[in-house]
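Please walk me through this structure, one step at a time.

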Amino acid sequence: MIDERASDFARLGAATLGESGGQPMAPRVKPAWPGARVSAPAFPVTCAAGDNLAIHVAVAEAPAGHVLVASVGAEPERGYWGEVLTTGAEARGIAGLVIDGGVRDVSALEAHGFPVFSSMIALRGATKQHPGRTGGQAVVGDVIVHQGDWIVADADGVTVVPRGRLAEVLAAGQAREAKEAKFFDELRAGRTTIDLLDLDTRPIIRD
């Protein structure tokens, strides 16, 4: 079921799902390398500012097949994640990382093919000694993410599908996809978006 759901959500993509009841993250959270994409349940992580001890714990303890979704508080300009954590995460079956903070070793992350979405690239490392939290919930990209919410991330950004609305949002996304497919056919046949969307063009001044 998880594999089928992952495929269904990934096919629709973050943009369609974000318009179909999912919650889009702030656009600052974007792919760390071109082509990164992930569709998997969320495992939230909350770090102390400047410290990534909670991320190390999450890599060791999160369920396989989940994507880590990490909040780093008021000091995002650190390299909270790099090739070492990526290698450990791959060995544990972690599906990817979404972090509202910095990562580094970007070329290595791309070479690994490990999906990472971050708000920046940052060289300076993090400490590994302060309290944090794994599981539960975290605020990442201005969205409250609960464990078991579904993360869909691709070139357009990151969308969070609430765990209690997975079937509803999936159905709405599929309906939107079907509607847009008809739009594409009609646009190719010569109709305009003004016709199809019944837009009121009166506010536009034509010189």
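What follows looks at a helix pair, then at aromatic rings, then at nonpolar cores.

Keep in mind that this is a predicted model.

Start with two helices. Helix H2 spans residues 53–61, and helix H3 spans residues 83–92. Their axes lie 8 Å apart and meet at an angle of about 25°. Angles under 35 degrees count as roughly parallel, so H2 is roughly parallel to H3. Which residues make the contact? From H2 come Ile-55, His-56, Val-59, Ala-60 and Glu-61. From H3 come Leu-85, Gly-88, Ala-89 and Arg-92. Sorted by type, the contact residues of H2 with H3 are five nonpolar, two polar and two charged.

Now turn to the rings. A pair of aromatic rings is described by the distance of the centres and the angle of the planes. The count here is two aromatic pairs. One of them joins Phe-9 and Trp-150. Their centres are 5.7 Å apart, and the angle between the planes is 35°, a tilted arrangement. Phe-9 sits in helix H1 (residues 2–18), while Trp-150 sits in strand S10 (residues 150–154). The pair therefore ties together parts that are 141 residues apart in sequence. Are these two residues buried or exposed? Phe-9 has a relative accessible area of 0%, so Phe-9 is buried. Trp-150 is at 3% relative accessibility, so Trp-150 counts as buried.

Trp-81 and Phe-114 also form a pair. Their ring centres are 5.8 Å apart and their planes are at 10°, so this pair is stacked. Trp-81 lies in the loop between strand S4 (67–71) and H3. Phe-114 lies in the loop between helix H4 (106–112) and strand S6 (116–121). The pair links distant parts of the chain, 33 residues apart. Trp-81 is buried, with a relative accessible area of 1%. Phe-114 is buried with a value of 3%.

Finally, look at the interior. In soluble globular proteins, nonpolar side chains tend to be buried together. How many residues does the largest nonpolar core have? It has 43 residues. Those with the most contacts inside this core are Met-25, Ile-55, Leu-68, Trp-81, Val-98 and Ile-151. Strand S3 (residues 38–46) supplies the largest share of the core, five residues. Take Met-25 as an example. Leaving aside residues up to four places away in sequence, Met-25 touches Val-69, Val-98, Val-140, Gly-141, Val-143, Val-145, Val-158 and Val-160. Another core, of 11 residues, lies apart from the largest one. Its members include Ala-6, Leu-12, Trp-150 and Val-161.

Definitions and conventions. Residues numbered from 1 in each chain as written. Predicted model: local features only at pLDDT ≥ 70, side-chain atom pairs only at ≥ 80, totals over all residues. Heavy atoms only, no water. Axes fitted to C-alpha atoms, helices over the stretch in contact; angles between N-to-C directions. Helix = DSSP H or I, 4+ residues; strand = E, 2+ residues; numbered from the N terminus. Parallel < 35°, antiparallel > 145°, perpendicular 65-115°, else oblique. Contact = heavy atoms within 4.5 Å. Nonpolar A, V, L, I, M, F, W, Y, C, P; charged D, E, K, R; others polar. Phe/Tyr/Trp six-rings, centres within 6.5 Å; stacked < 30°, edge-to-face > 60°. Buried < 20%, exposed > 50% of the residue type's maximum accessible area, 1.4 Å probe, protein only. Core = buried A, V, L, I, M, F, W, Y, C linked by side-chain atoms within 4.5 Å.
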